Amino acid sequence: MRKSKTNLIFQAAIDVFSEKGFDKATMDDIAARANVAKGTIYYHFKSKEELFLFLVEEGVEMLREGVESKLTEDLTPREKIELILREQISFFGQYRDFCVILLRESWGAEDRQLEFRKMIRSYMALIEKVVQEGKDAGVFHDVSAENAGSALFGMAAIAALHILLGKGDYDEDKLFSDLKQIALSGLLK
């Protein structure tokens with residue numbers, strides 16, 4: 001089965017942005033990698049910035065939906081935090097290039113940073129909700145749910161990026177075990 005042009009562009013853009021970074025990547029590079037005319041990319045996306053933000057939005061949405069689909073009411077707040085950490089670690093392992101793009105480029109131009117924060121907030125809000133649930137149940141310390149959400153996301157994201165950029169062995173089980181210990185020994189009473 002032949003991939004649609006949009007899927008080819010999407011994957012090519014991930015590859016090129018991951019390899020070269022946003023500033024050095026060009027629409028010509030992406031078109032060549034996707035084996036499409038540059039005009040085909042501009043048919044779907046007005047600019048490199050729009051294509052880039054689309055990639056980030058889609059990736060964050062995939063992460064959020066993947067985690068959300070596994071969170072069930074019968075899980076305790078601790079089990080939910082564990083699930084969130086495991087799923088985020090697994091997602092970054094599965095979508096390594098996206099992880100590199102998301103985290104390396106998140107400190108780019110100011111406008112891009114604002115868009116990133118909006119996109120990532122939807123995922124961190126999910127974590128904040130679980131932290132608040134744990135606080136309300138009396139099993140988590142009285143910490144700011146917002147701070148805890150960004151800390152948990154950031155901890156897992158930066159730890160994953162450190163391994164991925166270092167080209168080390170991405171041992172999801174070890175990373176999960178370490179981060180679970182760090183995160184939950186600080187959250188549990």
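**Helix contacts, aromatic pairs and charges over rings**

Leu 126 touches Arg 64, Val 67, Glu 68 and Leu 71, residues up to four places away in sequence being left out; contact here means heavy atoms within 4.5 Å. The model is a predicted one, in which local features need pLDDT of at least 70 and side-chain atom pairs count only at pLDDT 80 or more, while totals for chains, interfaces and linings use all residues. Residues are numbered from 1 along each chain as its sequence is written, and side-chain values use heavy atoms, with hydrogens and water left out.

Leu 126 is found in helix α7; helices (H or I, at least four residues) are DSSP runs numbered from the N terminus. With a relative accessible area of 9%, Leu 126 is buried, where buried means under 20% relative accessible area, exposed over 50% and partly exposed in between, for a 1.4 Å probe and protein chains only. The C-alpha atoms of Leu 126 and Gly 149 are separated by 8.0 Å, the two residues being 23 residues apart along the chain.

Gln 88 lies in helix α5 (residues 77-94) and counts as buried at 1% relative accessibility. A polar contact joins the side chain of Gln 88 to the side chain of Tyr 123 at 3.0 Å. Such a contact is a pair of N or O atoms within 3.5 Å; within protein, one atom must be able to donate a hydrogen and the other to accept it, and residues adjacent in sequence count only if both atoms are side-chain atoms. Apart from neighbours within four places in sequence, Gln 88 is in contact with Leu 63, Tyr 123, Phe 153, Ala 156 and Ala 157.

The structure holds nine aromatic pairs. Rings of Phe, Tyr and Trp (its six-membered ring) pair if their centres lie within 6.5 Å; planes under 30 degrees apart count as stacked, over 60 as edge-to-face and the rest as tilted. Phe 10 and Phe 54 form an edge-to-face pair, at 6.0 Å centre to centre and 85° between the planes. Phe 10 lies in helix α1 (residues 5-24) and Phe 54 in helix α4 (residues 48-68), so this pair ties together parts that are 44 residues apart in sequence. Phe 10 is partly exposed at 22% relative accessibility, and Phe 54 is partly exposed at 26%. The pair of Tyr 123 and Phe 153 is edge-to-face because the ring centres are 5.8 Å apart and the planes stand at 70°. This pair links distant parts of the chain, with Tyr 123 in helix α7 (residues 110-136) and Phe 153 in helix α8 (residues 145-165), 30 residues apart. Both Tyr 123 and Phe 153 are buried. Phe 91, Phe 92, Tyr 95 and Phe 98 are linked into a cluster by ring pairs.

Charges also sit over rings, a term that requires NZ of Lys or CZ of Arg within 6 Å of the ring centre and within 35 degrees of the ring normal. Lys 48 lies over the face of Phe 22, at 4.4 Å from the ring centre, and Arg 86 lies over the face of Phe 176, at 3.9 Å from the ring centre.

In α4, Phe 52, Leu 55, Val 56, Gly 59 and Val 60 meet Phe 98, Ile 101 and Leu 102 in α6.

Key:
Helices (H or I, at least four residues) and strands (E, at least two) are DSSP runs, numbered from the N terminus.
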